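Please look through the model shown here before reading on.

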Amino acid sequence: MTLTVLKFSSKDCGACHRMAHYDAKVATELGAELITVMLQDTDTYRRYRKVLLARYPNKEGMGWPTYLVVSDPEGAFTIHGDMKGGMPKGEFRRKLAALLPQEDA
């Protein structure tokens with residue numbers, strides 16, 4: 001099962017911008033797809049808003065950026081975990097790897 005990482009961010013967010021240099025590459029290396037959902041992109045935001053509100057109904061407790069690890073984000077989605085806030089690449093990789101199922105080699 002391929003999981004999707006939804007990144008909720010904003011054009012005004014410095015940490016979001018810094019992490020954009022490596023988050024998609026790390027997600028791909030770990031076997032997931034990353035979709036960036038900019039709050040300013042109303043079409044994309046509207047498509048994934050239900051997933052965000054399932055975890056953060058009032059948007060309280062969100063960080064910038066907020067990453068949700070999800071299966072079937074376009075349909076009857078399941079949220080497998082989340083991460084929030086800016087972090088260095090190594091920490092991002094470690095935390096994301098912990099949320100993704102490990103395949104036996």
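Among contacts in the chain (heavy atoms within 4.5 Å) between residues at least 6 apart in sequence, 63% join residues at least 24 apart. This is a predicted model, in which local features need pLDDT of at least 70 and side-chain atom pairs count only at pLDDT 80 or more, while totals for chains, interfaces and linings use all residues. Residues are numbered from 1 along each chain as its sequence is written, and side-chain values use heavy atoms, with hydrogens and water left out.

The secondary structure comes to four helices and four strands, where helices (H or I, at least four residues) and strands (E, at least two) are DSSP runs numbered from the N terminus. Read from the N terminus on, these elements follow the order β-α-α-β-α-β-β-α. The C-alpha trace spans about 40 × 30 × 20 Å along its principal axes. With 105 residues, a compact globule would have a radius of gyration near 13 Å, and the chain agrees because its own value is 13 Å; this radius is taken over C-alpha atoms, and the globule rule is 2.2 Å times the number of residues to the power 0.38.

The four strands form an open sheet in the order β2-β1-β3-β4, with mixed pairing; two strands pair if DSSP finds at least two bridges between them. Strands β2 and β4 (78-84) stand at the edges with a single partner strand each, so one side of each is left without a neighbour in the sheet. Neighbouring strands of this sheet are turned by 25° against each other on average, direction ignored; axes are lines fitted to C-alpha atoms, for helices over the stretch in contact, and angles run from 0 to 180 degrees between N-to-C directions.

Strand β1 (residues 4-9) runs parallel to β2 (residues 33-38), to which six bridges join it, and antiparallel to β3 (residues 66-71), to which it is joined by five bridges. Residue L6 has I35 as its bridge partner in β2 and stands opposite L68 in β3. How many residues of β1 are buried? Six of its six residues are buried, where buried means under 20% relative accessible area, exposed over 50% and partly exposed in between, with a 1.4 Å probe and protein chains only. Both faces of β1 are covered, with T4, L6 and F8 on one side and V5, K7 and S9 on the other.

Further along the sheet, β3 and β4 run antiparallel and are joined by six bridges, with T66 standing opposite K84 in β4. Helix α4 (residues 89-99) packs on the sheet and touches β1, β3 and β4, its direction making about 165° with that of β4. Helix α3 (residues 42-55), in turn, lies across β1, β2, β3 and β4, running at about 100° to β2.

In soluble globular proteins, nonpolar side chains tend to be buried together.
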